[in-house]
Amino acid sequence: MPIDTTGRTGDRPEVSVIIPTLQAGEALRALIEALRGQTLAPREILVIDSASTDGTPELASACGVRVIGIDRKDFDHGGTRNQAASLAVGEVLVFMTQDAMPEHPEMLERLVAPLLANDRIACAYARQVPRAEAGVLERLTREYLYPQSPEVKWETDLPRLGLRTFFCSNVCAAYRREVFERLGRFPSPVLFNEDLFFAARCILEGYGVAYAADARVVHSHDYTLGQQFRRYFDNGVSMSGNDWVYARSGVARSGSGLVLAVARELIRGGQMRYIPQLLAESAAKFIGYQLGKRHRLLPAALCRRFSMHRGIWDRYYRIRRDASVTGEASGETMRG
């Protein structure tokens, strides 16, 4: 039977689940039902919708969840989540994406458990299990990034893990609200990595980031080469604008480790026919990332074309131009 967290007592935290949506459609109903069937039932579910035209906000309202509407042009990965968080009531904030689905009814309970076990753990993220139809490379990538063994990462792990020390994913992640507020919430506006940047701040402030491997959600993507390029272009832009993370991260080492691990599994499994695809995808990611790091040298129109999130890019450049005219500081994520 689900735990009623209304009026928290003992170790039952009030949990707010926040889901940004855009054209989520009927699949959102299944996600809401799965969340309500959790052994740790959320106090509330908030949907923050970017002007969907497929009936997403109406469906969410019919399901009885709170709906916050925003203009599509105002969406950004950090600011939109911050806006919803400011309206939430929970002492634990769980952020999910519309295309993630709990694999089991204990997911939320297991996700929140590390926060209850140690008050120095600021956030925890779930294991992502690939969909049944996921391709071979996507499946192996998820297995590398989300292994079976849980762990808690601290600042002392930086020499060993590099960028992976800061890794966290808002596909499904829980945050201790008090720490989330005190450390300044997610950066905004931001093209990419709002979860990683906040986790990095937590780590450098002496908090731990937990990987809750026994909290599983079904989630994967099979991106085209063009989508991989654009995704990693945005990654490079966001990292170049946050030098305090980049200087500590060992990004190249993390990327090469993933490629080598996937290649080894392909060879071990007799699937070497996928090696050319792996090399092509790795090249698209590498070129996109390197161009993103050097986006200051590119025309704004070309950057917009390369970006996966062109609406956010327009906002990014508008703020940069306004800051250059007024002489004001453009903000942490705007240093790129």
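Asn235 touches Phe192, Asn193 and Tyr289, leaving aside residues up to four places away in sequence; contact means heavy atoms within 4.5 Å. This is a predicted model: local features need pLDDT of at least 70, side-chain atom pairs count only at pLDDT 80 or more, and totals for chains, interfaces and linings use all residues. Residues are numbered from 1 along each chain as its sequence is written, and side-chain values use heavy atoms, with hydrogens and water left out.

**Asn235**
- Asn235 sits in helix 9 (residues 225-240); helices are DSSP runs (H or I) of at least four residues and strands (E) of at least two, numbered from the N terminus.
- Its relative accessibility is 13%, so Asn235 counts as buried (under 20% relative accessible area; exposed is over 50%, partly exposed in between; 1.4 Å probe, protein chains only).

**Aromatic pairs**
- The count comes to 16 aromatic pairs (Phe, Tyr or six-membered Trp rings with centres within 6.5 Å; planes under 30 degrees apart are stacked, over 60 edge-to-face, the rest tilted).
- Tyr146 and Tyr211 form a tilted pair, 6.4 Å centre to centre with 50° between the planes.
- Tyr146 lies in the loop between helix 5 (136-145) and strand 7 (151-153), and Tyr211 in strand 9 (residues 208-218), so the pair ties together parts 65 residues apart in sequence.
- Phe233 and Trp313 are also tilted, with ring centres 5.9 Å apart and planes at 50°.
- This pair links helix 9 to helix 14 (residues 310-326), 80 residues apart.
- Phe233 is buried at 0% relative accessibility, and Trp313 is buried at 1%.

**Whole chain**
- The protein chain has 14 helices and nine strands.
- Buried residues make up 52% of its 336 residues.
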